[in-house]
Amino acid sequence: MLSVLDIFRIGIGPSSSHTVGPMRISAMFIQALKRSAKLDQTARIHIELQGSLALTGVGHGTPRAAILGLMGHRPETFDPAKGDAQLERLEKAGLMPLAGKREIAFDMRGDVDLAGHIVPALHPNGMRMRAFAADGAMLSDRTYYSTGGGFVATQRQLEKPPKNDRILAGNPVPFPFGSAAELLQLCVDKSQRIDQLVLSNEDAMRPREKTISGIDVIAKAMDDCIARGLKQTGILPGGLKVRRRAPELWDKLQAAPQSNEREQLFDWLNCFAMAVNEENAAGGKVVTAPTNGAAGILPAVMRFYCINAEERACTDSRRKFLLTAGAIGLLYKQRASISGAEMGCQGEVGVACSMAAGGLAALWGGSPTQVASAAEIGMEHNLGLTCDPVGGLVQVPCIERNAIGAVKAVNAARLALHRDEATLVSLDQVIETMRQTGLDMSTKYKETSQGGLAVNVIEC
């Protein structure tokens, strides 16, 4: 099975599939050249961005991310100052430090092809990488795919999928589950909560202290992103002239923190969620949860509900929340997709809402069945949600959509905890419905900016 630490990854904005994925793909291509002893012979590299990577690539920073990956940068450790300096030199001199070392000629426009007319059958986020020798001979020609949430795959991996509905290529674990039904039955058989079962599975992948440390690092990165987003002001890049709103709302909440207004709960969740997604839109460091475009929902819910009486983060609560939410994310990743280019925004904000709802239900003491119910409700009312970013930027409607998703997640958890009888719709059924809906959805509404708000809103 995959690990929950595969679902939660620290990376850079504005998109896990269009920024984090392409940077990782370029790094994979460099490693492939090294393994075949062809890196030193490489004099030129050409990048072809296909499908959604091309259609919304410029607004998502895809060419920039792909080039930075060739320079040796990684999403988890990216140094913006160093990266920007190298890009500036590349723009002026046309020289790129391949793998951070030997410089080769590179044309930021001529060597990056936006092939939006090519929509690969395997996945709409295709990326073809070619390396050439000094005499023009081709050294390598590989195609990769950015499959959502920062996950990437080679053409061979997608052409030979698992023979059944489980991730057979993952890690052997004591309590494998390929469906919510299997997970819930394990909880009954072992008399354990979802987070306890998941933690036992993680033990098969690494020492427990490393898993706990990894979860804590993810929680801190989410906190830090909120903190940065609450301080930064001004206009977001990209040309839409979208103003950061989280700091202003934060100041209002700080001025009246004990307000008796019932609706103030919405303000807190809105504030935290928008803080994260405004950071993401600015290209800041965020955590895929499960994607960058939906990165604000889980941190917002966790920030508001995992605070103790002394206003300090409750470590145990955060671990329980993230482990439970991560288990739900694994189900979507294994049984459907978390890619906006495949599923529309139901696969991003919808999945994040489902994960946060389940995590919060567990935090409130819900049974595994109630946790699954909360996750089901969270997705059921996001089915059909389209991905139609205006201007190809992860700003409108993405930032507010995360705020709405956070509020919806809390309500889903509340509804689930008020229900004792069996649900009519199971979590497995709603995941399958999301998958079918995504397959039926027009490509205009799947991160291509060719339909919906993207064509009906005039760009500033």
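Pro-14 sits in the loop between strand S1 (9-12) and helix H2 (16-35), where helices (H or I, at least four residues) and strands (E, at least two) are DSSP runs numbered from the N terminus. The peptide bond that joins Gly-13 to Pro-14 is cis, with omega at about 5°. Before I go on, this is a predicted model, in which local features need pLDDT of at least 70, side-chain atom pairs count only at pLDDT 80 or more, and totals for chains, interfaces and linings use all residues. Residues are numbered from 1 along each chain as its sequence is written, and side-chain values use heavy atoms, with hydrogens and water left out.

A cis bond also leads from Val-396 to Pro-397, with omega near 10°, and Pro-397 belongs to the loop between helix H17 (368-380) and helix H18 (398-417). I point these out because most peptide bonds are trans, and most residues other than glycine have a negative phi.

That brings me to Lys-241, whose phi is positive, near 60°, and which lies in the loop between helix H10 (208-231) and helix H11 (246-255). Lys-241 counts as exposed because its relative accessibility is 62%; here buried means under 20% relative accessible area, exposed over 50%, and partly exposed in between, with a 1.4 Å probe and protein chains only. Ser-449 likewise has a positive phi near 60°, in the loop between helix H19 (427-440) and helix H20 (453-456), but Ser-449 counts as buried, at 17% relative accessibility.

Finally, in helix H6, which covers residues 80-93, Gly-83, Gln-86, Leu-87 and Leu-90 are buried, whereas Ala-81 and Lys-92 are exposed on the other side.

Note on methods. Expected span 1.5 Å × (residues − 1).
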